[in-house]
Amino acid sequence: MEQQTLFENDESLPLAARLRPQTLEEYVGQSHIMGEGRVLRRLIENDRISSMIFWGPPGVGKTTLARLIARCTRAEFIDFSAVTSGIKEIRSVMRQAEENRRYGEKTIVFVDEIHRFNKAQQDAFLPFVEKGSIILIGATTENPSFEINGALLSRCKVFVLKALGTNDLVTLLNRALTDKRGFGDKKINIEPDMIEAIANFANGDARSALATLEMVVLNGEQEGDTITVTKDTLEQCTSKKSLLYDKNGEEHYNLISALHKSMRNSDPDAAVYWLARMLEAGEDPLYIARRVTRFASEDIGLADPRALEIAVAAYQACHFIGMPECSVHLTEAVVYMSLVPKSNALYTAYETAKKDALTMLSEPVPEVIRNAVTDLMKDLGYGKGYQYAHDTEEKLTNMQCLPESLIGKEYYRPTGQGHEAKFATRLEQIKEWKKQHKSKK
């Protein structure tokens, strides 16, 4: 537990700490909640903050947002660590907050890594949040639905923070070079493509980007009052010989395209090579795992339903242990995706249905499958004639579930590949049964 320090600009602090935004205008990223007119920005500007949870990956601005709120709001701000604090410390802070409330003062308690608190510790906050003694702001990298007590979570608004984009990080890095809190009082010679390489290397993490910039500047070649950052220095500081992708990011997309198309073409050797190219260049393994998960349904689907299970398992393994150990899990997933039968039937089914959905937005839901939750809805015929499939011997009914204008439309057209051949046979049986029972009610 700590109060905000008066020495935030001390040069002994890391660059990321020195450059922490002092105003809303300096805050970079999260435009979906912090852009002009967006909900969180309005709450801060109007000093209408309520209890909330910031959920997002490391280095995206969760703590920074909390500190900005502290600067902008008329409330005492207490920084509280879930790693070092227990129930005793919580109760001490709550007593202080209760005193503040009696004198008409608000208290904001910021809890970093709130997911590390156990149930008893989280419960200690609950009565004080309920009666307004404190405004709780929690930060977590884990899904709050699983890590935070339901009672506490229901009293907090959850804001999802996203990994920063390359442009956001480039903006931040350039500010560090010109701001006096950073290197603004020094003459730094560094090429724009190196700035972008650092931004790419950080994988959306502002803290990592600024730490890398600080390292390359401190290890740059000094001549007179000028510090020059060379490519060799950058490569040494990032431990990468082939520094990621070109300055336009094109190579990033070229490599993931090469991986995707190699798997689609059932070429495990090529797929593993492109996987290695990406991982050794510093690509985020979770990004690759997400693309492999997409591939499992887009290009394999029901031809091998286990493909999705393996892809998700690989993602979880990457999340649990990270690089370099998770490279073998991704290799397993990539080779599996390359070798199994392929089908894009699910992809084409959705894309075809999407076109109809976008052009026929006003099509009404058939009354027979509407949910009659009130007497009025029942009187209007909602759910009338509904047939519960489990009540029939075949577990099938002839009930029409598509809108009237789309009757007869077919979106899912299974192939004969792998397991999907069985689904194709089953679908034909269902269609034949419905055709034979079409006139029955």
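**Pocket, sheets and salt bridges**

Colleague: How much space lies in the second largest pocket?
Modeller: This is a predicted model, in which local features need pLDDT of at least 70 and side-chain atom pairs count only at pLDDT 80 or more, while totals for chains, interfaces and linings use all residues. Residues are numbered from 1 along each chain as its sequence is written, and side-chain values use heavy atoms, without hydrogens and water. A pocket is an open set of points on a 1 Å grid over the protein atoms alone where a 1.4 Å probe fits, with protein on both sides within 12 Å along at least five of seven lines. With points joined across faces, edges and corners and probe spheres set on them, the space in the second largest pocket is about 870 Å³.

Colleague: Which residues lie closest to the centre of that second largest pocket?
Modeller: Lining residues have an atom within 4 Å of a point, and 23 residues meet this condition. By class (Ala, Val, Leu, Ile, Met, Phe, Trp, Tyr, Cys and Pro nonpolar; Asp, Glu, Lys and Arg charged; the others, Gly among them, polar), the lining has 9 nonpolar, 5 polar and 9 charged residues. Closest to the centre are Met399, Gln400, Leu402, Gly408 and Lys434.

Colleague: Which strands stand at the edges of the open sheet of 5 strands?
Modeller: Helices (H or I, at least four residues) and strands (E, at least two) are DSSP runs numbered from the N terminus, and two strands pair if DSSP finds at least two bridges between them. The sheet has parallel pairing in the order β2-β3-β4-β1-β5. Each edge strand has a single partner, so one side is left without a neighbour in the sheet; these strands are β2 (75-81) and β5 (157-160).

Colleague: What angle does the direction of helix α5 make with that of β2?
Modeller: Helix α5 (residues 87-102) packs on this sheet, touching β2 and β3 (106-112), where contact means heavy atoms within 4.5 Å. Axes are lines fitted to C-alpha atoms, for helices over the stretch in contact, and angles run from 0 to 180 degrees between N-to-C directions. The angle is about 175 degrees.

Colleague: Which residue meets Lys106 in a salt bridge?
Modeller: The rule asks for a side-chain nitrogen of Lys or Arg within 4 Å of a carboxyl oxygen of Asp or Glu, and it gives a count of 21 salt bridges. Lys106 meets its partner at 3.3 Å, N to O. Since Lys106 lies in strand β3 and its partner in the loop between α3 (39-45) and β1, the pair ties together parts 59 residues apart in sequence; the partner is Asp47.

Colleague: Which residue in β8 stands opposite Glu221?
Modeller: An open sheet of 3 strands has mixed pairing in the order β6-β8-β7. Within it, β7 and strand β8 (residues 226-228) run antiparallel and are joined by 3 bridges. Opposite Glu221 stands Thr228.
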